[in-house]
Amino acid sequence: MHEGSADTKPIAIRRARLNDVPAIVATEQNAESAAHWTVEQYKNLVDRGVVLIAEQAGKLCGFICAQVVAGEWEIENVVVASEFLRRGIASELIGALIQRAREERASSVLLEVRESNLGARRLYEKHAFGVVGRRRLYYKVPEEDAILYALRFGQLIRAEKC
Ligand SMILES: CC(C)(COP(=O)(O)OP(=O)(O)OC[C@H]1O[C@@H](n2cnc3c(N)ncnc32)[C@H](O)[C@@H]1OP(=O)(O)O)[C@@H](O)C(=O)NCCC(=O)NCCS
């Protein structure tokens with residue numbers, strides 16, 4: 001993917017290691033609309049959850065992280081560095097996460113997002129996530145509803161058979 005001229009050197013996706021956490025946190029802190037987590041929380045996710053990173057020539061361009069509880073994968077954050085936006089990187093990260101979830105026989109992938117975050121919502125909808133609910137005033141500063149999305153693998157398998 002994304003091969004070619006100097007500024008589009010190959011971008012690789014791999015599982016994060018603990019020493020990727022500083023770059024993950026730096027990328028997240030530069031993204032205002034991202035969820036904001038501590039270094040310790042990211043370390044825990046690298047150890048016990050799923051954290052995938054996209055990197056180009058050793059530089060982190062974006063990441064996605066999820067917790068796994070009883071077969072339900074919950075995406076906690078997906079962030080792409082500003083200089084890499086709109087190049088399909090978030091799409092690649094979500095695609096890779098969904099593939100892993102399927103391979104590990106997850107029942108669903110869930111997430112919540114600010115109602116006004118239309119870019120992220122389009123991204124999720126493009127990957128077949130459907131709206132399953134709303135949490136009133138879930139976010140603070142500024143206050144805003146969360147929209148809940150789910151991708152249920154049972155439904156997908158049924159849809160594929162039609
Ligand atoms: C949301 C985010 C991860 C998208 O990353 P990205 O790598 O630019 O996204 P992609 O290039 O893979 O886009 C895939 C699709 O998502 C949608 N999309 C992404 N950004 C969009 C935007 N700003 N406006 C409208 N649609 C957008 C489009 O449908 C796009 O497909 P297209 O390019 O064919 O139109 C990125 O904007 C980001 O890091 N935002 C800050 C953090 C954040 O809000 N994360 C989500 C909530 S936790």
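1. Glu 72 sits across from Ser 108 of strand 5. Strands here are DSSP E runs of at least two residues and helices are H or I runs of at least four, both numbered from the N terminus. From strand 4, the chain passes through helix 3 (residues 89-103) to strand 5, a right-handed β-α-β crossover, meaning that the path from the first strand over the helix to the second runs clockwise with the strands pointing away from the viewer.

2. A caveat before going on: this is a predicted model, where local features need pLDDT of at least 70, side-chain atom pairs count only at pLDDT 80 or more, and totals for chains, interfaces and linings use all residues. Residue numbers start from 1 along each chain as its sequence is written.

3. Strand 4 and strand 5 (residues 108-114) run parallel, with 3 bridges; pairing takes at least two DSSP bridges. Strand 3 and strand 4 are antiparallel partners over 8 bridges, and Gln 67 faces Glu 74 of strand 4. Their hairpin has 2 residues between the strands, and Ala 70 has a positive phi near 50 degrees there.

4. Strand 4 (residues 72-80) is largely enclosed by the rest of the structure, because 7 of its 9 residues are buried. Buried means 20 or more other C-beta atoms within 10 Å of a residue's own, exposed 12 or fewer, partly exposed in between, with C-beta atoms placed from the backbone.

5. Over in strand 3 (residues 59-69) there's Ile 64, which counts as buried because it has 25 C-beta neighbours inside 10 Å. Leu 93 is 29 residues away from Ile 64 in sequence, yet the C-alpha to C-alpha separation is 6.3 Å.
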